[in-house]
Amino acid sequence: MPARAGITLSPLALVLFAALSVSAQAADTTPPATPAPAAPAATPATPAGPSPASLTAADTILNTIGLKQSIAIVVPGMMQELETNVTRTRPEIRDMLRATLKAIQPEFDQTARQIYIQSEGLLAAQMSEQEITQVAAFFESPAGKKYVQVTPVFLQNLGDVTGAWREKLSTDILERARAEMRKKGVDF
């Protein structure tokens with residue numbers, strides 16, 4: 001499934017990325033809890049994050065479904081898009097711009113790594129260590145590998161089927177609505 005700047009994300013990675021985005025938004029919109037009584041000033045309690053095993057399992061899952069690679073190509077894709085757009089009107093600065101983008105790319109690649117680490121944490125926080133480890137084991141199993149292999153073809157075929165249905169549905173709804181509105185004396 002093509003995305004902006006010629007970046008290709010695996011359909012499964014897009015689904016998981018969207019799910020992670022929704023989870024993050026849901027977490028952001030949750031009203032704050034009622035403040036607890038002040039704890040002794042000596043040691044503030046911090047909630048424990050996902051275990052190292054959970055994060056490792058999340059990495060396995062995200063890498064298997066292609067999210068790691070999808071995030072890694074965002075920065076180069078956006079830089080290529082910028083270069084293309086700018087040099088369309090300013091072709092004389094192509095070499096200078098390319099050198100500048102190459103010099104600043106590591107800074108932005110680091111942000112991609114940080115987003116991936118956050119993605120691991122988001123996924124790992126959604127399941128227990130046992131659950132996420134089982135999911136990772138599934139993706140490493142022959143059945144899981146087959147699932148990942150067939151998912152893009154399945155999603156393409158599903159898109160073909162639902163696309164044709166949506167086109168027919170659009171026409172049918174319009175025709176039916178027009179017919180019903182004509183009965184009421186309104187033509188559109």
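This is a predicted model: local features need pLDDT of at least 70, side-chain atom pairs count only at pLDDT 80 or more; totals for chains, interfaces and linings use all residues.

Me: How much of the chain counts as buried?

Reply: Of the 188 residues, 21% count as buried. The accessible surface of the chain is about 13400 Å², and 63% of that surface belongs to carbon and sulfur atoms.

Me: Which residues touch the most other members of the largest nonpolar core?

Reply: They are I61, L62, L123 and I132, in a core of 19 residues. Two or more residues each come from α2 (52–64), α3 (67–72), α4 (74–89), α5 (94–125) and α6 (129–140). Helix α5 gives the most, with six residues.

Me: What share of the contacts with a separation of 6 or more comes from residues 24 or more positions apart?

Reply: Such residues account for 74% of those contacts.

Me: Why is F139 called buried?

Reply: Buried means under 20% relative accessible area. F139 has 10% relative accessibility, so F139 counts as buried.

Me: What makes F139 and Y147 an aromatic pair, and why is the pair called tilted?

Reply: Ring centres must lie within 6.5 Å, and for F139 and Y147 the value is 6.4 Å centre to centre. Planes under 30 degrees apart would be stacked and over 60 edge-to-face. The planes of F139 and Y147 are 50 degrees apart, so the pair is tilted. The structure holds three aromatic pairs, and F138, F139 and Y147 form one aromatic cluster.

Me: How do you know that D59 and K68 form a salt bridge?

Reply: The limit is 4 Å between a side-chain nitrogen and a carboxyl oxygen. For D59 and K68 the N to O value is 3.6 Å, so the pair counts as a salt bridge. D59 is partly exposed at 22% relative accessible area, and K68 is partly exposed at 35%.

Me: Where do E180 and K183 lie, and what makes them a salt bridge?

Reply: Both lie in helix α7 (residues 142–183), three residues apart, which is about one turn of the helix. Their closest N and O atoms are 3.0 Å apart, which is within 4 Å, so E180 and K183 form a salt bridge.

Me: Why is K183 called exposed while E180 is called partly exposed?

Reply: Exposed means over 50% relative accessible area. K183 is at 65%, so K183 counts as exposed. E180 is at 28%, between 20% and 50%, so E180 is partly exposed.

Me: How do you know that D187 and R182 form a salt bridge, and which labels do they get for accessibility?

Reply: The N to O value for D187 and R182 is 3.3 Å, within 4 Å, so the salt bridge label applies. D187 is at 62%, over 50%, and therefore counts as exposed.

Me: How many salt bridges are found in the whole structure, and which residues are linked in a network?

Reply: The search finds eight salt bridges. E83, R94 and R98 are linked in a network of salt bridges.

How values were computed
Residues are numbered from 1 along each chain as its sequence is written. Side-chain values use heavy atoms; hydrogens and water are left out. A nonpolar core is a set of buried Ala, Val, Leu, Ile, Met, Phe, Trp, Tyr and Cys residues joined through side-chain atoms within 4.5 Å. Buried means under 20% relative accessible area, exposed over 50%, partly exposed in between (1.4 Å probe, protein chains only). Helices (H or I, at least four residues) and strands (E, at least two) are DSSP runs, numbered from the N terminus. Contact means heavy atoms within 4.5 Å. Accessible areas come from the Shrake-Rupley method with a 1.4 Å probe; for residues, only the protein chains shown count as cover. Rings of Phe, Tyr and Trp (its six-membered ring) pair if their centres lie within 6.5 Å; planes under 30 degrees apart count as stacked, over 60 as edge-to-face and the rest as tilted.
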